[in-house]
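My notes follow the structure.

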Amino acid sequence: MKTTKINKYRFQLNLKNLGKALIFGALTLGTVSCEDDLMLEPENNITQTSFYTTELQIQQAVSGVYSAMINSSSRGGFDVNFYLLASEVRSNNYNAISQNGNRDYFAINRFQDTSSTEEMSILWEDAYQMITYANKILSRIDEVPFADAAVKEQYRSETRFLRAYAYFELMRNFGKVPLVTKPVSPEEAAQIQRTDLTTLYDFITSEIEASVGGLKNIYDNANKGRVTKSAAHAMLGRIYLTGSGYPLNNSSYVAKAKDHLSTVIQGEGQFVTFAPTYADLFKSANDNKYHIFEIQHISGGLSQGSYLPSYVSPNFGTADPLYNAQSSLYSSNELGVSQSLINAYEPGDLRKNVTVKTQFIAANGQPDNSNYFIKFREPGKVITNRYDWPINFPIIRYEDVILMYAEVLNNQGSTSAAVPHLNRIRQRAGLAPLSTSISAADFTTALRKERRVEFAGEGVYWHDLVRWNIAVSVINQAAAELNYNYTITTNDYLYQIPLSQVQLGGYEQNP
């Protein structure tokens, strides 16, 4: 089982704001290398035994768990790997135009990926890195004296949430994965086999349920970005709704999803905020204001910036409002937004121009009519390199909670009660409201279309297609319309377990 070895601890302060300084600046688990085991002792003079012994060290270690989500190298963080490449690019929102042998997005988009595709190893290693960090904290925190017991419980709860969240992302991409809940030796790691989905769901949901009591509803400015109670309830709503669909199809999860989503909605105005405009959601000045849980980024050459905006759009020319000298897709004809997504926007939808750009001035000064995502690319931002964008990435937004809640209401036969929730999203987008007399079937069609355009570019749509079990029909129709020579089956809902992991652990491979 291949994960990361901690070679040294490096302390650095990040000054975007005090909240990010606390969460990401305290500890960067610096230089890493891949080894054939799950958890290795750090090769430095700060041993695990001596490090995890004070409240400050636990605080710093928790910061390290959060830091596992951000960009620490040119391969990007969770936003690029889990939400862009493994999810958004997999859906028919993207069209991989041509193949670059150094990039995996063509293979992923065209369903040509294999167990040897590098991106599969990145997903696996990044998630297990977070799990490894969390397991070490949870194995030691009981022994550490704290001045305030509530603070200890908060750190424990944040760590349990983050570990469960990492397992959820692993499960959505690979299905059954090894469940490791404590530090293990290389020999022990090799014996841990893949865990069935029901057990994984039980573990993930029970961990997050147990974390709610120790989390805070809100944090002061010095702690913005930490996991809140609303984040836990929202994530549980997503997890239960996912489990109610394909492949688990556990109908008992629907009511649980509804309860958690309702709890978040009841906190609007106090714990969560509905942004007045769609554009407000995607400005770095509004980080930690509207999203419920987000990946923290900061520019300034501190290896904590976002790589995503540069990954999805080309180097616009100096005459274009979105020009940035440090930003470019590897090649402007490799990866573009599909015409299918462009066509999904209704006339007058205010979200379209925030999300995609269909006309721009190219680097040669000539107009170009290709389609690219611009949702996270801010005009006028000066960055040190293309990995350095400051805008946070939303893991889960309040709008997602609202639409998931509407979906549950409709599925339970309360379509008329669901309509106002969907209309709230539509009206902010400048669209006419739906009638409260709409049928349940028509509401389902409208909601699925709404989710596609509301969350375009955020890694939500592919997982929606899978849990609704319509990805086969949607992707095959898109491939046929584009004359692509492939069809998919439900086997393609999961990625192949990385070959190195299969060889080490003797795992059964996904079909």
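**Salt bridges, notebook**

I started with Glu454, which is buried, its relative accessible area being 0%. I kept in mind that this is a predicted model.

I looked up the partner of Glu454 and found Arg351, with a salt bridge at 2.8 Å, N to O. Glu454 belongs to helix α17 (residues 440–454) and Arg351 to helix α14 (residues 351–355), so the pair links distant parts of the chain, 103 residues apart. Arg351 is buried as well, at 1% relative accessible area.

Next I took Glu158, whose side chain meets that of Arg226 in a salt bridge (2.7 Å, N to O). The pair ties together parts 68 residues apart in sequence, because Glu158 lies in helix α7 (residues 149–174) and Arg226 in the loop between α9 (197–211) and α10 (229–244). I recorded Glu158 as buried, with a relative accessible area of 0%, and Arg226 as buried, with 4%.

Third, I looked at Glu508 and Lys176, which form a salt bridge with their closest N and O atoms 3.9 Å apart. This pair links distant parts of the chain, 332 residues apart: Glu508 is in the segment after α20 (499–505), and Lys176 is in the loop between α7 and β4 (177–178). Buried or exposed: which is Glu508? I noted Glu508 as exposed, at 57% relative accessible area, while Lys176 counts as partly exposed at 31%.

For the tally, I wrote down 28 salt bridges in the structure.

How values were computed. Residues numbered from 1 in each chain as written. Predicted model: local features only at pLDDT ≥ 70, side-chain atom pairs only at ≥ 80, totals over all residues. Heavy atoms only, no water. Salt bridge = Lys/Arg side-chain N within 4 Å of Asp/Glu carboxyl O. Helix = DSSP H or I, 4+ residues; strand = E, 2+ residues; numbered from the N terminus. Buried < 20%, exposed > 50% of the residue type's maximum accessible area, 1.4 Å probe, protein only.
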